[in-house]
Amino acid sequence: MTVDSSMSSGYCSLDEELEDCFFTAKTTFFRNVQSKHLSKNVCKSVEETRRPPTLQEIKQKIDSYNSREKNCLGMKLSEDGTYTGFIKVHLKLRRPVTVPAGIRPQSIYDAIKEVNLAATTDKRTSFYLPLDAIKQLHISSTTTVSEVIQGLLKKFMVVDNPQKFALFKRIHKDGQVLFQKLSVADCPLYLRLLAGPDTDVLSFVLKENETGEVEWDAFSIPELQNFLTILEKEEQDKIQQVQKKYDKFRQKLEEALRESQGKPG
């Protein structure tokens, strides 16, 4: 899987997401993982309950796809029935990611040799990825959602647990924009082939994986300590709010009591 990129220069403000800065807990991806080897030609989507397409059907779909692709980013069919092509992933991460601190940028040599620069230091720092960043990935028909997520994190040298992220497909239906979370076993290139090259019909978005149930093992010790700090601050704020509320209530009761005692009986 190879990666190309284009991104905006703007960074989102920390103040924009204060209300949910704590709720970054994620659940496991691996509840209903399907085997990636169910079909050699294609991984089955949740929506695709029909039989896997034949080699001839795949070839016809690829020919149709390439005839509509205007940016020289067509798909290529291999002799073994697999195929390769490109997808674009929009990064919509509202919270900071964790990256190694104080290391040099990745060189071409590092990329070719697959050098893991993140493993060269234990120092970590956090920052916000550009909210409108777009990554273009060259993948195969057998590349799964899980592998796409891991490839994106590796490209940005993000050391957070991949289970904290999820890949969504964005579609337009009845005048509305809808997001559907993909299974880790889904194959994005197959979904791209079915939808065609128009990204207005289908696009992919990387977001935080929020399913409500907390899996604390997915977080590092510094992250957990940070959560405790945030909780303590929120607790003190709530205590002060409650104290002020009851102090004001007590004051009104005392005033009413004095007024009633001052009246002639």
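Helices (H or I, at least four residues) and strands (E, at least two) are DSSP runs, numbered from the N terminus. This is a predicted model, in which local features need pLDDT of at least 70, side-chain atom pairs count only at pLDDT 80 or more, and totals for chains, interfaces and linings use all residues. Residues are numbered from 1 along each chain as its sequence is written, and side-chain values use heavy atoms, with hydrogens and water left out.

**Helix 4**
- Helix 4 (residues 188–195) is mostly covered, with six of its eight residues buried; buried means under 20% relative accessible area (1.4 Å probe, protein chains only).
- The buried residues are Pro 188, Leu 189, Tyr 190, Leu 191, Arg 192 and Leu 193.
- Their cover includes helix 1 (55–68), helix 3 (145–155), strand 3 (83–91), strand 6 (134–140), strand 7 (165–173) and strand 9 (202–208).

**Nonpolar core**
- A nonpolar core is a set of buried Ala, Val, Leu, Ile, Met, Phe, Trp, Tyr and Cys residues joined through side-chain atoms within 4.5 Å.
- The largest one has 33 residues, of which Tyr 83, Val 89, Phe 165, Leu 167, Phe 204 and Leu 206 touch the most other members.
- Helix 3 gives the most to this core, with five residues.
- Leaving aside neighbours within four places in sequence, Phe 204 is in contact (heavy atoms within 4.5 Å) with residues including Val 89, Leu 167, Pro 188, Leu 191 and Arg 192.

**Helix 5**
- Phe 249 lies in helix 5 (residues 221–262).

Notes
Buried < 20%, exposed > 50% of the residue type's maximum accessible area, 1.4 Å probe, protein only.
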